[in-house]
Amino acid sequence: MPRIQRFRVLPSIPVELSPLMKIAKNMWWVWNFEAIELFRRLDLDLWREMDHNPVAFLGAVSQAKLKEAAESESFIAHMKKVEDELDWHLSKKSWFDENHGLKMGVGIAYFSAEFGIHESLPIYSGGLGVLAGDHLKSASELGIPLYGVGLLYRLGYFHQYLNIDGWQQEALPETDFYNIPISPVKNEKGENLKIHVEFPGHKVYAQVWECLVGRVTLYLLDTNIDENSMEDKSITDQLYGGDTEMRIRQEIVLGIGGLRALHAMGKTITVYHMNEGHSAFLAIERIAAAMKDHKLSFKEALEYVAVSNVFTTHTPVPAGNDRFTPELVDTYLSHYYEKLGITRGEFLALGRENPEDKNETFCMTVLAIKTSTGCNGVSELHGKVSRGMWKNIWPSLPVHEVPVDHITNGIQILSWTSDEMMRLFNRYLGPRWIDSPVDKELWKNIDSIPDSELWKCRERLRERLVSFARRKLREQLIFRGAPQTEIDRADSVLDPEALTIGFARRFATYKRANLILRHMERLEKLLLDKDKHIQIIFAGKAHPHDTMGKEIIKQIINLVRDERFRGRIVFIEDYEINVARYLIQGVDVWLNTPIRPKEASGTSGMKVVPNGGLNVSVLDGWWPEAYNGKNGWAIGKGEEYEDLNYQDEVESQSLYNILEKEIIPMFYERGADWLPRAWISRIKESMKTILPQFNTNRMVRDYTEKFYLEGHRRHVKFGEQDFREIRNLSRWKETIGKQWKNVRVTGLFSEDAKEVTVGSQLRVRAAVDLGDLAPESVKVELYFGNLNPAGEIVEGAALPMFLSERRDGGECIYEGKVLCLRSGQFGYTVRVIPSNPSMVRKFEPNYIAWA
């Protein structure tokens, strides 16, 4: 093969327009509609053709149009205004500065396998990535000192198209890294920065790129470089592509390589946040680095690393958690056994719920939980589900006490709100809503928006969605080779004045895209009603290996082609951020029908709210926290069924009833001024109650104040005085481990009667044998609560007992009291747990002694 010399062609931008490239290279423009309008002014058709990618756009726009813009005082003034806004965003005093500015040295690294910032950077597949992208945007808004770390996928996630039979096909177009808003990171010699990780028998190298997201920098690793073999170049080819071995290779590069990239750039990081378990190998690398740099033992280093690791799980089903066989772990990570000074079994135990089970696979979620003191699910319900999923790590602990918290997801409102609605908010709420989306009092001003203006805005957005859907459908039919008559009919699908329902998400079977299709005779009446009909727009991808998901898409396509429903049901192919934007801005109703409790959070429904859309959803994920009976509709009352067919039947009937009796009549009921007043009232209630709570500014503030600042404080505290506190804690835990088998509750008794009255106190005494442990090393608790029919305490409460007597032989007498505040059947018991002021987590696995 001939030797090829590389060169790069850069956009030729007139000097007067030089700020355009500065704006294009910082993805702050994604959530600033004035910046987007600036690019659109140059060439609207080309902007759309370039998929709203400003870097590629500026390289393709004609010199004539650039010259015309450079000579336009209006355009120059617009550009200057946008540049000033960017500069102000980068330099303004932020929420973090005002509230936590004195906490110097805070540095947070946020690791995620995908980031959905904008469609021009295709390194995302769905909700997890979009949430990660919104996390970065809000971190920039709030001034959080945070860096993102991910992988730069050459082929991204697949593009979807349907064949003539309606069966999903996948295409993988290559991304040109030099025509997207990223830049290579340079080392001190001015060369492209590269790091390496160890693979069996060789090293794999990765180049580091950076993407500016306002004040935040996202670093992305790329293995498609000359130093690697063809096999290793493909590691960062495809998001969630390949087999299990490809997955572990990607996750080593992400976790270990990402950490090394931060070190190579000299970044001071005090807190590490793992967004899902894909990056959990960073904990292993952190432990190894702490042992080498600070001369800590493995157990000391594990304690030190865990106090500043944060882990967020997004997966409510066991199958969604990455697991690797012990043999695969041996192949890729056995060199860490010696590096950490531990046995193979001890290493594998880090990823096992039951360390003694030699047949259990190595789970990345378990690794993340065991090496992080801050763990959370992404909604209140998901926190509860997660505690149940991972209770075996703490086998003798009541499920509700399993240390997995929750921080409910949100959206970065500016990224998802239409231009029209933004202008409406600016007019009636004032500009403060942009910087203070968590201000509940501010959102109450929604009531000041005239119903007529809000409804006109809604009608424009629906019309735009219908126009977009027609254009996309026409493109799909042409690509598919459909007859011209069918292509021409695309121009008349959907009614811009009809009640429009949207369902768009990953086509996993548990999300039940076809629930609304269960009884077609009822749905047919709603679709074909002459005066009050509905229309449905579907979009979404099935995983390439999910045959059942693909069958659901084919079922929908068959209905789309049914002459009865032509124009009333539409499927938009290749669901991505741009398609989502049109859908969430234009639909009247957003439909969400997962099998509870399999939806961790779900944020698509949040995105319709600032655009005046309403949610009808199963009470799963975020919706149980948001729904108040007046801001949308709930399917069912939060029931969970063992018979899924019966569940589908019950909930589909509930959905039809809500549509027939509530949604459709309310939408079409118009007053003398032709306004649906009751519908508009519900839109306003939805905005007032949901927007101030379910946004990523609130979410990132929660992470900062619950986990980031605490993690930073511990990182600094435990590193002081040559890690004295962490060394002492590790030695103390070693003693506890040796002595705990001798700890037991030998007696439990109360002098009070079996029946007591409300308002009285029940006095309890317990005899505890501590063996050789000092009383200062334990905490004895009185655990009590309501009894269920099986005689078990349900979500009990724990109260400390005090040492009243110390007897010869190590036995101690503890006393405690229960205040009886209500009547019923109650029970109590006593437990002993290790206690040390330096412990971050209250409970240690396997170290709980019950009476």
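N592 is buried, with a relative accessible area of 7%; buried means under 20% relative accessible area, exposed over 50%, and partly exposed in between, with a 1.4 Å probe and protein chains only. The model is predicted: local features need pLDDT of at least 70, side-chain atom pairs count only at pLDDT 80 or more, and totals for chains, interfaces and linings use all residues. Residues are numbered from 1 along each chain as its sequence is written, and side-chain values use heavy atoms, with hydrogens and water left out.

N592 sits in strand β18. Helices (H or I, at least four residues) and strands (E, at least two) are DSSP runs, numbered from the N terminus. Not counting residues up to four places away in sequence, N592 touches R505, E599, V616, S617, V618 and I635, where contact means heavy atoms within 4.5 Å. Two of these partners are also reached by polar contacts between side chains: S617 at 3.0 Å and R505 at 3.4 Å. A polar contact is a pair of N or O atoms within 3.5 Å; within protein, one must be able to donate a hydrogen and the other to accept it, and residues adjacent in sequence count only if both atoms are side-chain atoms. L350 is 242 residues from N592 along the chain, and the C-alpha atoms of the two are separated by 37 Å.

Strand β18 covers residues 589-592, and the loop between β18 and α27 (604-608) holds P597. The peptide bond from R596 to P597 is cis, with omega near 5 degrees.

N615 belongs to strand β19, residues 614-618. Its relative accessibility is 2%, so N615 counts as buried. The side chain of N615 reaches the backbone oxygen of G605 at 3.0 Å. G605 is also among the residues that N615 touches, together with W590, V608, V609, W622, W623, G632 and W633, when residues up to four places away in sequence are not counted.

E573 lies in the loop between β17 (569-572) and α26 (577-586). Although placed in a loop, E573 is buried, with a relative accessible area of 6%. Its contacts, apart from residues up to four places away in sequence, are Q160, Y161, L162, K472, Q476, R480 and V579. Within this set, the side chain of E573 makes a polar contact of 2.3 Å with the side chain of R480, and the side chain of E573 reaches the backbone nitrogen of L162 at 3.4 Å. R596, 23 residues from E573 in sequence, is 27 Å away in space, C-alpha to C-alpha.

S750 is in another loop, between β21 (744-749) and β22 (761-769). S750 is partly exposed, with a relative accessible area of 23%. Leaving aside neighbours within four places in sequence, S750 is in contact with L762, R763 and Y828. The side chain of S750 reaches the backbone oxygen of R763 at 2.6 Å.

Two residues other than glycine have positive phi values. Phi of Y240 is near 55 degrees, and K295 has a phi of about 55 degrees. Y240 is in the loop between α9 (230-233) and α10 (244-264), while K295 is in the loop between α11 (281-294) and α12 (298-306). With 17% relative accessibility, Y240 counts as buried; with 64%, K295 counts as exposed.

The remaining values describe the whole chain. The secondary structure comes to 32 helices and 28 strands. For 851 residues, a compact globule would have a radius of gyration near 29 Å, and the chain agrees with this at 29 Å; the radius is taken over C-alpha atoms, and the globule rule is 2.2 Å times the number of residues to the power 0.38. The C-alpha trace spans about 95 × 70 × 50 Å along its principal axes. Buried residues make up 57% of the 851 residues. Among contacts with a separation of 6 or more, 72% are accounted for by residues 24 or more positions apart.

The accessible surface of the chain comes to about 35,400 Å², and carbon and sulfur atoms hold 49% of this area. Accessible areas come from the Shrake-Rupley method with a 1.4 Å probe; for residues, only the protein chains shown count as cover. The chain has 108 positive and 118 negative side chains, and the centres of the two sets lie 2 Å apart. Lys and Arg count as positive and Asp and Glu as negative, while His and the chain ends are not counted; the place of a charge is taken as NZ of Lys, CZ of Arg, CG of Asp or CD of Glu.
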